[in-house]
Amino acid sequence: MAGLAQLYPDAGAPWRPRALYLATHPHSAVPALREVIGARKAVYSVPDEQVIATVDVRPWIEQKIAAVLAHRSEVERGALPGLIAACRRMHGSGSSPPSGTSATPP
């Protein structure tokens with residue numbers, strides 16, 4: 001929307017960002033996600049080769065878990081222990097981001 005001057009005329013000159021990053025999951029992560037959220041929930045994913053950048057979220061994982069726990073209506077109560085365990089496994093301290101990925105634009 002940054003390039004649409006008519007949308008926010010008081011926000012300054014329109015500009016075009018160099019990149020757009022969307023949160024998604026690679027297809028290879030779907031089986032692990034299914035274990036946590038169940039087969040009935042929709043999981044949006046893309047082919048692994050389309051994931052060209054990652055962001056290391058380990059510094060914020062405990063804050064994310066606390067936020068989910070503060071709003072239990074966002075997650076089925078029975079899924080919370082599995083979700084928390086999966087988050088800690090996937091992003092826990094001591095693990096490294098996948099090789100060949102970066103937190104900055106390529």
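This passage describes the fold, the confidence and selected local features of a predicted model. Residues are numbered from 1 along each chain as its sequence is written. In this predicted model, local features require pLDDT of at least 70 and side-chain atom pairs count only at pLDDT 80 or more, whereas totals for chains, interfaces and linings use all residues; side-chain values rest on heavy atoms, with hydrogens and water left out.

The chain contains 3 helices and 2 strands, arranged from the N terminus in the order β-α-β-α-α. These elements are DSSP runs numbered from the N terminus, with helices (H or I) of at least four residues and strands (E) of at least two. Of the 106 residues in the chain, 13% are buried; buried denotes under 20% relative accessible area, exposed over 50%, and partly exposed the range in between (1.4 Å probe, protein chains only). The accessible surface comes to about 8,600 Å², and carbon and sulfur atoms contribute 59% of this area. Among contacts (heavy atoms within 4.5 Å) with a separation of 6 or more, 43% join residues 24 or more positions apart.

Confidence is expressed as pLDDT, the predictor's value for each residue from 0 to 100. The chain has a mean pLDDT of 74, and 69% of its residues reach 70 or more. Of the elements, β2 has the highest mean (92) and helix α3, residues 80–91, the lowest (67). Over residues 93–106 pLDDT stays under 50, and the model has 16 contacts beyond four places in sequence for this stretch. Where pLDDT is low, the predicted coordinates should not be read in detail.

A nonpolar surface patch is formed by Met 1, Leu 4, Leu 7 and Tyr 8, which together have about 450 Å² of accessible area. Patches comprise residues with over 30% relative accessible area and no salt bridge, like charges being joined within 9 Å and nonpolar side chains (Val, Leu, Ile, Met, Phe, Trp, Tyr) within 5 Å. Tyr 8 belongs to the segment before β1 (25–26) and is exposed, at 52% relative accessible area.

Ala 53 occupies the loop between β2 (45–46) and α2 (61–70) and is partly exposed, at 23%. Its C-alpha atom is separated by 8.6 Å from that of Tyr 21, 32 residues apart along the chain.

The structure holds 1 salt bridge, defined as a side-chain nitrogen of Lys or Arg within 4 Å of a carboxyl oxygen of Asp or Glu. The side chains of Asp 56 and Arg 58 form this bridge, at 2.5 Å from N to O. Asp 56 is partly exposed at 28%, as is Arg 58 at 24%.

Conventions: Areas by Shrake-Rupley, 256 points an atom, 1.4 Å probe, with all protein chains shown as cover.
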